[in-house]
Amino acid sequence: MAQAQLATLETFLKDHPGIKYTPPSSPEYASNRKVWNHARRDNPLAIVRPESVEQVSALVKFSRSNGIKFTIRGGGHNLQGRAIAEGALTIDMRAFTSVKVASDGKTATVGAGILQEELAKSLWKEGLATPTGTIPTVGYVGWAMYGGYGPFSSNWGLGVDQIVAATIVDASGEIVKADDGLLKGIRGAGGVFGIILDVSIRVYSLKSILAGVIIYDSQNIGKAITDYNASYRELSKDGIPSQLTLQQVAFNAPPGRVFGVSFMWSSEDTEEGQRWSKRIASLGKVLMNTISATTIPAWFSANGAHVPQVVYGSSRTQNLYELTPELVETIGKNLEKLPSDHGTMFSIHQSSVSSATPQSNSVFASREPHFMLEILGYATQENYELSEQWAVDFWKDVQKTDNKNLLGSTYISLDTSEEKPSQPDTLSRFFGCHADEIIELKKKYDPQNVFDLTVPRLKHFM
Ligand SMILES: Cc1cc2nc3c(=O)[nH]c(=O)nc-3n(C[C@H](O)[C@H](O)[C@H](O)COP(=O)(O)OP(=O)(O)OC[C@H]3O[C@@H](n4cnc5c(N)ncnc54)[C@H](O)[C@@H]3O)c2cc1C
């Protein structure tokens, strides 16, 4: 069957010579199919890389009419490696990297294949910035359309809150400008309704940042995180400025497992930022402090150097209202057991409600101020079982803490738990009260579930 499908594809490609084609026989196949989660062993039918919207449209029409399943690849950082699937055609969007800033300088239209670092570099040249995550190679659209937590969220909101317009290729291969209803669905459920071609996003004037990492004495990592949070609770009683976003992190460094804080001051008031950096440094005994006045592109490059390019394993996540002493103690106990692989990591994202961002026009479920635990059970080696088991056990311990502190909603990008149709509340976990709207939008834009491989769980509800 695969051979017959490849032959049909090759006939189609003769009429579309501009689409770059990588069949399994190509020496580039192995590198082009690579995604961040290397445990994903799937062999796509072939990889195609369109360069124009017309080519994307033609590919959807062709695949549909020939019964060929396909996936869509952006930055390839889905934590399950969902950008590829066994026997399915991979439509690789990485050629779509355009950035066009609107004449009023308040929004920019960006191609769907752009990586976070590429976008940041383009905007920085114009004296602009927009919220992103911290890792340069993550696809911007993949990050933003499912939520988009990151170091600018306290200041400007989440990734979903930046999206003001989008163009997609729908299930029948038509190029469609998203209306308000579709746009609401894209803000949170992303690519389940079609292939995103571009999004228009809010951008902000910014010419300097103060950023870096503070690593605290972590000889007793449980005590380090407990002491930090106790002191931070006191400090935050008087309020934390919105320009400051802090992400608690734990990872393996040359001296062993360490606890620290990633610090981002996204304002040109560097003096005030310095004052805050001193306050945050005073919350523990500092081993290392890299905070300095820098640029977003330089900050991205520095971050990229610390994250493995390829891993094996899976992640767990939990949303919480508060970092209570009970919860921090549970986190501390689990950090004491952090496996020593460089790929096993932990962090805490924070989402505060910003009055500047609209909240009701997305299907993103977790709208209350909350913390999102990122428990990364990955390893850089193939024997990742220890790291994965650590993440599972950690998550289970968190479930035993005060139930009232746990949000019912889960971040779809970080949740890689088993997909079982038997859990009727699965959709609500991701989309909260918007679950029914997703089904209605899906029926309207993709009734035959052509985009079924984007969020496979949806097929149980169609
Ligand atoms: C190292 C690392 C760090 C991360 N850090 C953060 C973080 O700080 N904050 C945060 O919120 N998340 C973070 N994430 C999660 C990440 O944002 C999501 O996994 C995101 O969806 C990845 O996007 P991508 O384009 O790189 O991945 P891909 O695997 O290419 O795509 C992700 C999903 O979106 C679909 N898709 C991609 N492009 C399109 C398109 N154009 N149209 C339709 N569907 C499409 C794919 O089919 C796939 O299902 C991180 C992930 C990793 C691996």
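Predicted model: local features only at pLDDT ≥ 70, side-chain atom pairs only at ≥ 80, totals over all residues.
Residues are numbered from 1 along each chain as its sequence is written, and side-chain values use heavy atoms, leaving out hydrogens and water. Local features need pLDDT of at least 70, side-chain atom pairs count only at pLDDT 80 or more, and totals for chains, interfaces and linings use all residues.

Let's start with the helices (DSSP runs of H or I, at least four residues, numbered from the N terminus). The axes of α4 (residues 116–125) and α10 (residues 296–304) come within 8 Å and cross at roughly 160°; axes are lines fitted to C-alpha atoms, for helices over the stretch in contact, and angles run from 0 to 180 degrees between N-to-C directions. That makes α4 roughly antiparallel to α10 (the word covers angles over 145 degrees). On the α4 side, Q116, E117, A120, K121 and W124 make the contact, and I296, P297, F300 and S301 do so from α10 (contact means heavy atoms within 4.5 Å).

Now for the sheet, whose strands are DSSP runs of E, at least two residues. Five strands, in the order β5-β6-β10-β8-β9, form an open sheet with antiparallel pairing (two strands pair if DSSP finds at least two bridges between them). β5 (99–101) and β9 (175–177) sit at the edges with a single partner strand each, so one side of each has no neighbour in the sheet. From one strand to the next, the twist averages 15°. Strand β8 (residues 163–169) is joined to β9 by 3 bridges, and the two run antiparallel; here V169 stands opposite I175 in β9. Helix α7 (residues 180–189) lies across β8 and β10 (195–202), running at about 95° to β8.

Key:
Parallel < 35°, antiparallel > 145°, perpendicular 65-115°, else oblique.
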